[in-house]
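Work through the exercises below with the sequence and the structure at hand, trying each task before reading its solution.

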Amino acid sequence: MESSALQKMISLVSLLLLVMLICSHHVSSYSNEEAHALLQWKASLLDNHSSLLSWSFYPNNITNSSTHIGTATSPCKWYGISCNHAGSVDRINLTDSGLGGTLQHFLFSSFPNLVYVDISMNNLSGPIPPQIGLLSKLKYLDLSVNQFSGGIPLEIGRLTDLEVLHLVENQLNGSIPQEIGQLTSLYELALYTNQLDGSIPASLGKLSSLVSLYLYDNKLSGPIPPEIGNLTNLVEINSDTNHLTGPIPSTFGNLKQLVVLFLFSNSLSGLIPPEIGNLKSLQGLSLYGNNLSGPIPVSLCGLSGLTLLHLYANNLSGPIPQEIGNLKSLVDLELSENQLNGSIPTSLGNLANLEILHLRDNQLSGYIPQEIGKLHKLVVLEIDTNKLNGSLPEGICQGGSLVRFTVSDNNLSGLIPKSLKNCKNMTRALFEGNQLTGNISEVIGDWPNLEYIDLSYNKFYGELSHKWERCRRLQRLEIARNNITGTIPADFGLSTNLTFLDLSSNHLVGEIPKEMGSLTSLLGLILKDNQLSGSIPPELGLLSHLENLDLSSNRLNGSIPERLSDCSHLHHLNLSNNKLSGRIPIQISKLSHLSELDLSHNLLVGEIPPQIQGLEDLEKLDLSHNNLSGLIPSAFKEMLALLYVDISYNQLQGPIPDCNAFRNATIEVLKGNKDLCGNVEGLPPCKHGPAIYQQPIKKGHKVVFIIIFPLLGGLVLLFAFIGIFLIDERRGRTPEIEDGDVQNDLFSI
């Protein structure tokens, strides 16, 4: 008995050892093949792969037994590699490892147990090999943020265990393969930010486990397949920023788990399906930037969990539903750039969590409801470009959170409410294009953070206040076309952050303060259409960043300051309709970026300086209605960008230059001069001759000629008289000679 039991035990131990030996052989075989495959791929990569230093065999002097081979060649402890219990590689995680190269030398067939691959955020390129379909056990594949190109291989449809597929931010092109519809275990599909085109395959409707679908930022076209409505487990759809057309499928109403639906920036058309109102879990709905039409469905107002609703930049019409006040979770509501009409619903006052409200660029009418004042969390309110009337509600910004406020281009009247003046967080306030009134000195509120305010095209009156210097962060100040009187305060020179100042079309008097030269950040200075007098301060030449200077239609006199040429970034210079005198300074030729120059309707004299050819970017030139004289410089031929020129009503003469601006000119921009000629209808033809193209003789040279020529004439006459006198004197002293002697003398000569 004991002998029999012992024999059985020995047999059992022998069998166990045999199994262990066989397993050890298989482990060794797996590990060895996988190690060699990984090393082969490593060798194909670019040199910079320092993260893979651990990928190597042990030293050669280790005993070459099966046990040691299995240990020595096992990649299980290599960087980014994990193995299963059998010692076979099942995970590769090399995300953000600085790898460069391709997958062409990766032996997919050597990894039968691989379930997880993440090589995202590297510099890998080339196509995704079709052999990737051999990884039959793969559950997770992330090749994102590389430079892979070409199409998505059809063989990816063989990975039937795949649960996560991320191919985002590569350069993949072509269509999405229908075969992806075979990945029935897939719950996350992310293909965004590639160059994929074609239509969304209807086969995606078979991915019954899908939770997240990210297709945005591609070139996908065609309609959205209604089959997507079969994916009842979907939580997120992000298919925005493509070229999708057609309607939003009504089958989307089946997606009861959906939390996010982003279809913006496409070319979708038709109505917003009322079935969207069935998506009770929805928190974010963004359909902006399409061609959607019709009314806003009332059913949307039942989505009580909605925090973001973007329907702007469509063709929606009709009123804003009063029921919108039921969306009490709403934080961001943007309905701008549609054709919505009617009044602003008073129920908006119920949206206590609202922070952003955009209703601009519609056809809304009536009053701004007082209930808007209840929105104490409101940060941005934009209701400009509508047909609103009445006054601004007194309660606006009671919560003190308002940062951006825009009501421009309406028919609003009355005063700016006190509550708005106490908005300390305000950075932008745009009131232009209304009929608002009040003393401009009282408009300024407690706005220490104000960066941009526009009060233009209203009925504000009074004088500019010194209070503007409180707004030390102010960058843009626009008060054009009001009834502002008085002078420009010198304190404006303290607002050194100003980049744009527009005080045009008012009744300002006095001189332009020289302190304006301190506004060295200024890009635009518009003071046109006032009653400003005195000379242009040379200190404006300190505005080295200035791009637009318009002082036209004032009463400025004196000469054009030479220092304006230091404004080297000027693109537009308009000094027209003043009383400027003197010559056009030759230094103006330094303004090489100037595209428009208007000096018309002044008292300028002298010649057009030939140095004007330095204005190589000039497109439009108006010198009309001055007293300029002389020939038109032939240097205009070098001004290739010049498209329009007006030199009418001066004292110019001679031929017009042979360049496009003059060749295309009409008599209207040339008439009223002294004696112009050229190939333009209404002008006489020029007389050909070399002298025609000579520049006029300078005034100083004329004076020299007037003095020298009479002197030379006098000297010639004097020498002539002296010569005659000497000849007569000689004849008187010579004795008479006989005829024969005369003949002899002649022959002797």
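Contact here means heavy atoms within 4.5 Å. The model is predicted, so that local features need pLDDT of at least 70 and side-chain atom pairs count only at pLDDT 80 or more, while totals for chains, interfaces and linings use all residues. Residues are numbered from 1 along each chain as its sequence is written, and side-chain values use heavy atoms, with hydrogens and water left out.

**Exercise 1. The chain as a whole**

Task: State how many helices and strands the protein chain has, and what share of its residues count as buried.

Solution: Begin with the secondary structure, where helices (H or I, at least four residues) and strands (E, at least two) are DSSP runs numbered from the N terminus. The protein chain has seven helices and 49 strands. Next, take burial, for which buried means under 20% relative accessible area, exposed over 50%, and partly exposed in between (1.4 Å probe, protein chains only). Of the 749 residues, 46% count as buried. Finally, turn to contacts with a separation of 6 or more, of which 48% come from residues 24 or more positions apart.

**Exercise 2. The disulfides**

Task: Find the disulfides in the structure, and describe for each the handedness and the exposure of its cysteines.

Solution: A disulfide is taken as a pair of cysteine sulfur atoms within 2.5 Å, and a search of the whole structure finds three of them. Counting bonded cysteines along the chain, the pattern is 1-2, 3-4, 5-6.

- Step one: Cys 76 is joined to Cys 83, with an S to S distance of 2.0 Å, and with -100° about the S-S bond this link is left-handed. Cys 76 is partly exposed at a relative accessible area of 24%, and Cys 83 is partly exposed at 22%.
- Step two: Cys 397 is joined to Cys 423, with an S to S distance of 1.6 Å, and the torsion about their S-S bond is about 85°, so this disulfide is right-handed. Cys 397 lies in the loop between strand 27 (387-390) and strand 28 (404-406), and Cys 423 in the loop between helix 3 (418-421) and strand 30 (428-430), so the pair ties together parts that are 26 residues apart in sequence. Cys 397 is buried at 13%, and Cys 423 is buried at 0% relative accessibility.
- Step three: the sulfur atoms of Cys 677 and Cys 686 are 2.1 Å apart, the link is right-handed with 100° about the S-S bond, and both cysteines are buried.
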